[in-house]
Amino acid sequence: MADLRYGAAISQALTDAMAEDPSVIVMGEDIGGAGGSFGITRGLLDKFGPERVIDTPISEAAIAGMAVGAAMSGLKPVLEIMFMDFVTLTMDALVNQAAKARFMFGGQGSVPMVLRTPHGGGLSAGPQHSQCLEAWFAHVPGLKVVCPSGPANAYGLLRSAIADPDPVVFIEHKGLYAKKGPVPDVLTVIPLGQAATLRQGDRVTVVSYGAAVALALAAAGQMADEGVSVEVIDLQTIQPWDETVVLASLAKTGHLVIVHEAVEAFGVGAEITARMADIGFAHLSGPIIRVGAPFMPVPFAAELEARYRPSVERVVTAIRKTLGKE
Amino acid sequence: MPRQGANAGDQLAQLLRHYEQLLTVRRCEERLQRLFAEGEVPGFIHLSIGQEAISVGVMSALSDSDTIASTHRGHGHALAKGMPLEGFFAELLARDSGVCRGRGGSMHVADMSVGMLGANGIVGAGLSIATGSALAHKLKRSGNIAVSFFGDGALAEGLLHECGNVAALMKLPILLVCEANGWSEFSPADRQIAFNLADWSKAYGIEYRKADGNDVLAVAEAAEVLIHAVRDGEGPALLECTTSRWRGHFEGDAQKYRPQDEVQGRDPLEVAAAYLAREGVGEQHLSQISARIDAEVEAAIAAARAAPPANYESGFADVYTLSAG
Ligand SMILES: Cc1ncc(C[n+]2csc(CCOP(=O)(O)OP(=O)(O)O)c2C)c(N)n1
Ligand SMILES: [Mg+2]
């Protein structure tokens, strides 16, 4: 085991994918010479040259559409959108074009592209630079949505996303880029669609993804001190999500809490809740509780943003609530 | 700028107003630079130091009820349009008394009461907002116009083309103002843009002028001429102002990408001071102005610091309006 930063793991995945497969290209705004706004593509231009590491103008609609066309024509583009908030400008390419090509063209239209983008707050970056919009994409048939929680799965999932024959929205967290975590000596590929059980427990299941996984783990640690054993599942892939692992855990614990930074209403947690209330109803011994952001844009003021984002305390409260221990 | 037939006294008053506004924007941003470095201002801030003459020059040709849509580099636009200093600083310091109640910050300063429709975190977004504002002015026959400020990097956004077409087609009263500072974030703008705005304007049938964006009088003069025609219902016009960005893209930007020998544009304050000197306004008068502005800025900062912090609960009432019933 070695320690690697989350951002470095993503860089490594891009480097390895580009070295292995000459059809992989990366494109985006200030990703070449400047190495990306968060430094993730630093060094790629020197290694792979300007034909494969493409600095684009500020033209999100065009470059997302270009990624679709290039993917249909033999390349594997990995597009960086600087902040997830700017995906609004790429929506036609993703939702109407990339997502539907395989189905609409009778199975012919493979669109092996990846859109990488960071979501999340914590920087006082305000309402247009902090959003978590993953639920939008998870709602669109044809798109795969991935959200790694640490360096090891960031590497492994990005390798799978790039190799995948379908469009993948790969969501990173700004607050994780500089965080170090353990990775295996030989970095490994992690298949899409599989959750990871990070901590075993038998009283409550906490499902999470991305940066919120750390909150779930911290809350589980705190509850263990009180004698409550919490199982923590990292979804890793949001679409398609690993229903089997979540259901099996619920069957064991009877209690479910879902934690994400995105707005709670109509979100990923809502889907998991509805699904488990359906297929897991017999196992439930308490209400399913979601922990997410309130129905409000992300505020700029630091204290407001801190209150807005989910916290360990809120996860602990949710665990107590589902156990009826309030 | 001196209007035709204006007497010498009017001209001098105008030049003094320009100078005061330029200095106000400069001092505000210099103070923000420090407040940011000291950790009092959170988030991202993009300073317009070196580019102030564009805000001040264009705004001097507008009335209070004209509207503007701004960019991520919007402090100068906001202040020159008349946003009060106290509400401005209170916003950047995340106070409840901020123009946006501490919910937006630098990238979203807005003041509808002075026709400032907002700074913007989304490059190019202001173009369509200003185009829509122009539509409202036209339908209301208000005689007002809308102005869209945008950078040279924003020329790559598709919205420029869509809005140029719509505005020309509908003869909307809009002035497009490009602040050409040569940079699109960390890349030289000329590596991102394949066309020039003179040709672009011609293709859309839009009246075009270019001005030295570091010369407040040149900007005001060009804006005045174009705005006159825009107000008269002749359709959109475009003013391209060349300038330079003195600071990083944002505060904290190490600017490793920037060539050592890059030529910095003339200081808009020095250019304006030279005009005043020609009119016989000397150093002493200017330092009086400077002392007064410093005092105003410090008072605004002190008031902001003393104001209550942004309020969490109040935000829920402003997500959207619920019917009173
Ligand atoms: C839609 C969108 N894409 C990208 C960005 C990131 N970004 C912010 S400012 C900027 C460069 C803008 O350059 P320009 O328009 O010339 O304005 P300047 O910063 O030079 O004033 C970029 C790429 C953004 N905020 N919005
Ligand atoms: Mg620029």
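The model is predicted, so local features are reported only at pLDDT of at least 70 and side-chain atom pairs only at pLDDT 80 or more, whereas totals for chains, interfaces and linings use all residues. Residues are numbered from 1 along each chain as its sequence is written, chains are lettered from A and ligands numbered from 1 in the order in which they are written, and side-chain values use heavy atoms, with hydrogens and water left out.

**Figure 1. The interface of chain B and chain A.** Contact (heavy atoms within 4.5 Å) joins 34 residues of chain B to 30 residues of chain A. Between them the two chains bury about 2600 Å², 63% of it on carbon and sulfur atoms; buried area is the accessible area (1.4 Å probe) that two parts lose on being put together, summed over both. Of the area that chain B buries against chain A, 23% is supplied by Phe44(B), Ile122(B) and Tyr312(B), more than by any other three residues. One salt bridge is counted between the chains, a salt bridge being a side-chain nitrogen of Lys or Arg within 4 Å of a carboxyl oxygen of Asp or Glu. Glu313(B) forms a salt bridge with Arg307(A), with the closest N and O atoms 2.5 Å apart. Helix H4 (85-92) and helix H11 (312-316) of chain B are the elements that give two or more residues to the side of chain B that touches chain A. The largest share, four residues, comes from H11(B). Helices (H or I, at least four residues) and strands (E, at least two) are DSSP runs, numbered from the N terminus.

**Figure 2. The magnesium ion (ligand 2) in chain B.** The ion is coordinated at 2.1 to 2.2 Å by Asp152(B) (OD), Asn181(B) (OD1) and Trp183(B) (O). Donors are N, O and S atoms within 2.8 Å of the metal (3.2 Å for Na, K and Ca); water is not among the atoms, so sites may look incomplete. Asn181(B) is buried, with a relative accessible area of 9%, and Trp183(B) likewise counts as buried at 9%. Buried means under 20% relative accessible area, exposed over 50%, and partly exposed in between (1.4 Å probe, protein chains only).

**Figure 3. Helix H4 of chain B and its surroundings.** Seven of the eight residues of H4(B) are buried, so the helix is largely enclosed by the rest of the structure. Among the buried residues are Leu85(B), Phe88(B), Phe89(B) and Leu92(B). The buried residues of H4(B) pack against helix H1 (8-37), helix H3 (75-81) and helix H10 (283-306) of chain B. Just after H4(B), Ala94(B) takes a positive phi of about 60 degrees.

**Figure 4. Salt bridges within chain B.** Over all chains the count comes to 28 salt bridges. In one of them, Glu52(B) pairs with Arg26(B), the closest N and O atoms being 2.5 Å apart. This pair links distant parts of the chain, with Glu52(B) in helix H2 (residues 52-59) and Arg26(B) in helix H1, 26 residues apart. Both Glu52(B) and Arg26(B) are buried. Arg231(B) and Asp66(B) also meet in a salt bridge (2.6 Å, N to O). Arg231(B) lies in helix H8 (residues 216-231) and Asp66(B) in the loop between H2 and strand E1 (67-69) of chain B, so the pair ties together parts that are 165 residues apart in sequence. Arg231(B) is partly exposed, with a relative accessible area of 32%, whereas Asp66(B) is buried at 0%.

**Figure 5. The surroundings of Thr322(A).** Thr322(A) lies in helix H11 (residues 312-322) of chain A and counts as buried at 2% relative accessibility. The side chain of Thr322(A) reaches the backbone oxygen of Pro287(A) at 2.7 Å. Beyond its neighbours within four places in sequence, Thr322(A) is in contact with residues including Val204(A), His255(A), Val257(A) and Ile289(A).

Methods: A polar contact is a pair of N or O atoms within 3.5 Å; within protein, one must be able to donate a hydrogen and the other to accept it, and residues adjacent in sequence count only if both atoms are side-chain atoms.
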